[in-house]
Amino acid sequence: MSGTEMTLVDIALRVLPLLDLTSLNDADDADSTAALCARAVTPAGNVAAVCLWSSFVPQAKQTLIGSTVKVATVVNFPGGSLPAEKVVDQIARALADGADEIDVVMPYAAVMAGMGGDQRALDHLAACREACGPATMKVILESGVLAKPALIERAAQVAVAAGADFLKTSTGKVPAGATPGAARIMLTACREAGRPVGFKASGGIRDVETAAQYLALADDICGPGWASPATFRFGASGLLDALLGVLGHGPETRVTVGY
């Protein structure tokens with residue numbers, strides 16, 4: 001194996017502790033939440049976090065006591081259209097219930113509209129930052145809707161200026177999720193932030209080969225030692241099964257991916 005190649009097993013071992021295991025389905029309930037939390041603690045190691053609706057935060061927090069798995073939830077989700085005071089209230093309630101991390105949808109329509117929209121989005125996210133306190137705040141740009149590189153770059157800059165701890169691609173609720181092009185723009189913004197800002201690839205990442213592309217971008221842009229649970233996440237659900245399959249806890253695939 002050359003220095004520029006990693007097996008899928010190597011990649012899966014890198015990806016598993018970076019995973020935000022996610023379930024944001026309309027049919028989610030206490031049983032599905034219990035199953036999600038059980039999946040988060042695997043024979044190959046634990047995921048970074050579970051990400052679920054705020055109503056299930058207390059159950060997840062109780063279930064995962066004693067593990068390393070963090071509990072994340074979403075606010076202003078999925079449209080990013082709620083007024084700041086309502087989002088601040090959502091954050092306060094989620095934190096009171098024990099959430100460790102808050103994934104907030106930025107008011108991306110304001111960025112798209114121009115005419116002072118960047119400032120409105122900045123003020124909105126700054127209020128969210130204050131409400132989060134020391135909790136991790138991941139800002140969802142909805143890059144598939146922003147679409148244009150210039151808009152994605154502006155949204156990333158607004159999120160960084162407002163105090164985002166992570167830049168996240170997508171809610172997973174729009175047709176276009178994560179793309180390598182958007183990831184490159186967002187990772188560059190992380191590198192140039194002047195303080196630690198992480199990146200979360202979310203939306204349509206279901207296999208180890210695709211995850212490898214995003215790790216390769218992070219290695220290229222931010223350095224080969226940069227990606228860790230503190231700086232890099234994958235938001236996904238089906239990806240876990242693919243990882244466990246490669247790692248010998250399900251249908252196993254042995255191929256080599258060069259990057």
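Two strands count as paired if DSSP finds at least two bridges between them, where strands (E, at least two residues) and helices (H or I, at least four) are DSSP runs numbered from the N terminus. The model described here is predicted, so that local features need pLDDT of at least 70 and side-chain atom pairs count only at pLDDT 80 or more, while totals for chains, interfaces and linings use all residues. Residues are numbered from 1 along each chain as its sequence is written, and side-chain values use heavy atoms, with hydrogens and water left out.

Eight strands, in the order S2-S5-S6-S7-S8-S9-S10-S11, close into a barrel with parallel pairing. Between neighbouring strands of this sheet the average turn is 25 degrees, direction ignored.

Four bridges join S5 to strand S2 (residues 19–23), the two running parallel, and here Asp 20 stands opposite Ala 49. Four bridges also join S5, again in parallel, to strand S6 (residues 70–75), where Ala 49 stands opposite Lys 70. From S5 the chain crosses through helix H3 (residues 57–63) to S6 in a right-handed β-α-β crossover, meaning that, with the strands pointing away from the viewer, the path from the first strand over the helix to the second runs clockwise.

In a regular strand the side chains alternate between the two faces of the sheet.

Technical notes. Axes fitted to C-alpha atoms, helices over the stretch in contact; angles between N-to-C directions.
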